[in-house]
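Thank you all for coming.

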Amino acid sequence: MPSSNDWINNPLGVVEEMFVQSNSNPEWEAKVLEYFKGKLKEKQAYSWIPSLNDVPLHYLKPNSLVKFRCLVQDMFDPEFYMGVYETIDPSTKAKVLRFGKYKDVTECGVDLNSRNTVTAERQTFYCVPIPGETLWEAFLNHSHTYARSSQARVVPSTSYIPSRQKRSYEEDDEMDTQPQKQREPHTGGSPQLHANGDSKRQETEAPSGQTTSPSNASSPLDLNFPLPGERGPACLVKVYEDLDSFKLNDMLEVYGILSVNPLLSVLSSLLDPTESMETPEEQRAHDPPASLVPRLHMLHARPLQHNNPLLCMFIYVVSSFMVEMASVRAEFLAYLTHILLGDGLAAEYLLLHLISSVYARRDVLPLGKFTLNLSGCPPNSSFTESLHQVIQELVPCTYRLSMTLHNMNSLRLVPRKDYVANRLVSGALQLARNTSLVLDETRLEQGQLDASGVQNITALGNLISWQKVDYDFNYHQMEFPCNINVFVTSEGRSLLPSDCQVPLQPQVTPPNLEEYLSTVHKAQLTSQINKFRVYLSVAQTLDYSISDEVTKAVEDDFVDMRKDDPQSVSAEDLHRMLVVARLLSLSLGQTSLSREGWMRAKHIDMLRRTRSQPQTTVNGNEP
């Protein structure tokens, strides 16, 4: 059997050995998968394999085993390849049976007339780094793997300083996509991030103007990232098994054989465009240079239900973390109260919003979503930007969209099918599950929305109401369900729909708002911030149920509330209070609703509605 390191350094050699031993038995493919899956189950095996997210491509050994944490951005049409074929030695005329699986190029001397040729089918996924991945998440994922992943590199690990930095999205309210120097992250919890150099190659950035150009398929540098300013490698993932188990926008950790064969570019250049069934634009989009977009032949893929590395690194802690949920909640609530200028009620609702997630769908209704509109925010200030910097330090993926008139009219939010290049052109709403999307409505100004602006506002409304994005396929729209946590900050009530609106009532008025928020945030220790990060992810993953007894008590209570004034509480109010009651229970580590939990949900909803009543109409969208 192969040596202990061969499966990482030379996986094709392992496959070759199994293929030869099989003596043409087709079961060799299943044995290959079983072997590698078994290796990956070994203790800490996942951390031994280098990651495309963290190590530049030119530092990785070709044909070695690597992993890639990614989003499936597009799915290309299936392609045929020679699964098994024969070659003829020109000198001895001897025939040798070979395999084509996990390879991009066949050996020389193929016998095209051989009866042993087996044609197989595979599919190609265009995958990009997870959009909006925050610096702490990328750093921890890197720290978890870097120390053990040097064996498959071309050079010693000491010659490379790792970096996985992304542009700070709040640096430019106008969403300028020109590459900028990464701002030092505003954090008190992860000071070690500041030392990371910006060593990524320029060609791995999203191109300038990506969000405003309808299609850049002709540019070899267009890596089609959903968000502007993103960095990291895009990758063509070749998939051989379980094709139907993958979907567009899936979040995966792919383990596969890295292929950067320069012959791919040579062969593409030798093709006669007049004889190809593909357009030149499609060839560029589907066969980019391997030096920019490597190929990864999948051996195994782990679906990622969450993207919090702390749950993977300290899984033994998570099992006992439930005991601490109530105490961590109290600390977290106090921290958010300081961030929200002493407003405890707004902090409570923000906490509930951060742990919300779509857990099921009933017909078209997504259950579990909790879009929060925090109104009363200071207009034309850095409050939302500072608040988003706090959220960046708490959740694995987030993105702030400044809703200026220019952005709404010029940005591409909805992905669009480019039939000339036969690819899906990404949009800013093509995000991974549980991404925190912060919509900064305080930047709105007077002006006229054009057709694109109206479409973008409509898309945001559909996302909030139905947790879906309707992708533009020119002649029709295709609905893609999503699970995106939307948080809207506004001066008055938002022009967008929301599940809950809370007017901010500051209890402190610091002379320098940005300095105040920075000081509060930096006062938090790394260990404390990490507890908050684990707390949010654990609360999102808990199961929840309501007993028949509590259900009956809630129904009776609802009837009693409507006796005196039927207009005071509607069915919509009941639904919102049930959502709040569920989130309150989960925030305390409780997996079922208690009578006390229901009463607490009623109480804070009463406080919120009392606070909302004095608000005057600002934009005609008030109830």
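By a contact I mean heavy atoms within 4.5 Å, and among contacts in the protein chain between residues at least 6 apart in sequence, 78% join residues at least 24 apart. Please keep in mind that this is a predicted model, in which local features need pLDDT of at least 70 and side-chain atom pairs count only at pLDDT 80 or more, while totals for chains, interfaces and linings use all residues. Residues are numbered from 1 along each chain as its sequence is written, and side-chain values use heavy atoms, with hydrogens and water left out.

Of the 623 residues of the protein chain, 56% count as buried, where buried means under 20% relative accessible area, exposed means over 50%, and partly exposed lies in between, with a 1.4 Å probe and protein chains only. The protein chain has 19 helices and 18 strands, taken as DSSP runs numbered from the N terminus, with helices being H or I of at least four residues and strands E of at least two.

Turning to the sheet, five strands form an open, parallel arrangement in the order β11-β14-β17-β10-β18, with two strands counted as paired if DSSP finds at least two bridges between them. Because β11 (398-402) and β18 (500-503) stand at the edges with a single partner strand each, one side of each is left without a neighbour in the sheet. Strand β10 (residues 372-375) runs parallel to β18 and is joined to it by four bridges, and the bridge partner of Asn-373 in β18 is Gln-501.

Finally, Leu-365 lies in strand β9 (residues 365-367) and is partly exposed, with a relative accessible area of 33%.
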